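Q: Please take a close look at the sheet in this model. I would like to know how it is built and what packs against it.

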Amino acid sequence: MPEIPDIEAYIEALRSRVVGGRLLGVRLASPFLLRTVEPPLQALEDGTVDSVERLAKRIVFEVSPAAERGRPAPAEPLFVVLHLMIAGRLHWKVAGAPVPKGAGLVAFDFEDGCLIVTEAGKKRRASLRVVRGREELAALDPGGLEVAGSTMAGFAEMLRRENHTLKRALTDPHIVSGIGNAYSDEMRRLHEAATAVLSEWTERLRTEARQTFPEKVTAFRPGMAVHGRFGMPCPVCGAKVQRIVYAQNECDYCPVCQTGGRVLDDRSLSRLLRGDWQRVAQARMRPPTADESDPGD
Ligand SMILES: [Zn+2]
């Protein structure tokens, strides 16, 4: 799925194309995409895009509505909130380009081009919302911690609350040896690593996005050390990258640099993932709701 560095790259590319421009209109090809009814899409017509921002993994366009004939423009800006979920992607095309059949969800028409949203596969999970005013926008914030700029304390608190698997991995001496009392030190290192990796990739992808529109958003990028490199040599130590497969996820890791020389076996793996197995089982038993809360926020 597009992660925060990918979203930042999209935003970088969009800012130079749409901020200050006029949104001529919106062509909705897949009605299910739109999860709000008021204000209607028509309220955006001829509005001016004032900013493009990120809200967790959502891309947010701030639009000043056009004045209706004989009346001043409404004071409150409209916000177009786009969540690409897993398979949603953005494409920048020439003005008036057709929305591709099948995968095409919506087109936003500007004077100099159009932004097309597509979603691969059959599942329709990407979403579009239009809200009025900052207060309504704030209500869409899932409230997760932003790793960039987070404090060590805030980061640790988030992990304890939300990531049982990781906590288990860091505290279970059978999985990672020698943690024990060093738990807080590991947390500090993890916080530094998460912050550094995120900012490095964000900067790298934003730099690329300044050259060309990011058409190829993928979770597998050249330059990544282990992700998507099962069986290939670790760029740091040369050991073969190992892979764990569980549920719909897979996890690639270096058994030298990342687990202190251990190849994770089935027993340590099942211990590591126990919480996740239960979550997966519960999720399968529960019927999906119309507006499933967004994973990965
Ligand atoms: Zn290594």
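A: What follows describes the sheet, the helix across it and the core. The model is predicted, and the residue positions below should be read as such.

The sheet is open and has 8 strands, in the order E5-E7-E6-E1-E2-E3-E4-E8, with antiparallel pairing. Its edges are strand E5, residues 88-93, and strand E8, residues 127-132, each of which pairs on one side only. On average, and with direction ignored, neighbouring strands of this sheet are turned by 25° against each other.

One pairing can be followed residue by residue. Strand E1 (residues 22-28) and strand E6 (residues 104-110) run antiparallel and are joined by 5 bridges. Arg-27 has Ala-107 of E6 as its bridge partner. In general, strands of a sheet pair through backbone hydrogen bonds, either parallel or antiparallel.

Helix H1, residues 4-18, lies across strands E2 (47-55), E3 (58-64), E5 and E6. Relative to E2, H1 runs at about 165°.

At least three core residues come from each of domain 1 (4-138) and domain 2 (146-219). Apart from neighbours within four places in sequence, Tyr-10 is in contact with Ile-59, Leu-90 and Pro-214.

How values were computed
Residues numbered from 1 in each chain as written. Predicted model: local features only at pLDDT ≥ 70, side-chain atom pairs only at ≥ 80, totals over all residues. Pairing = 2+ DSSP bridges. Helix = DSSP H or I, 4+ residues; strand = E, 2+ residues; numbered from the N terminus. Axes fitted to C-alpha atoms, helices over the stretch in contact; angles between N-to-C directions. Contact = placed C-beta atoms within 7 Å. Domains from an automatic or database assignment.
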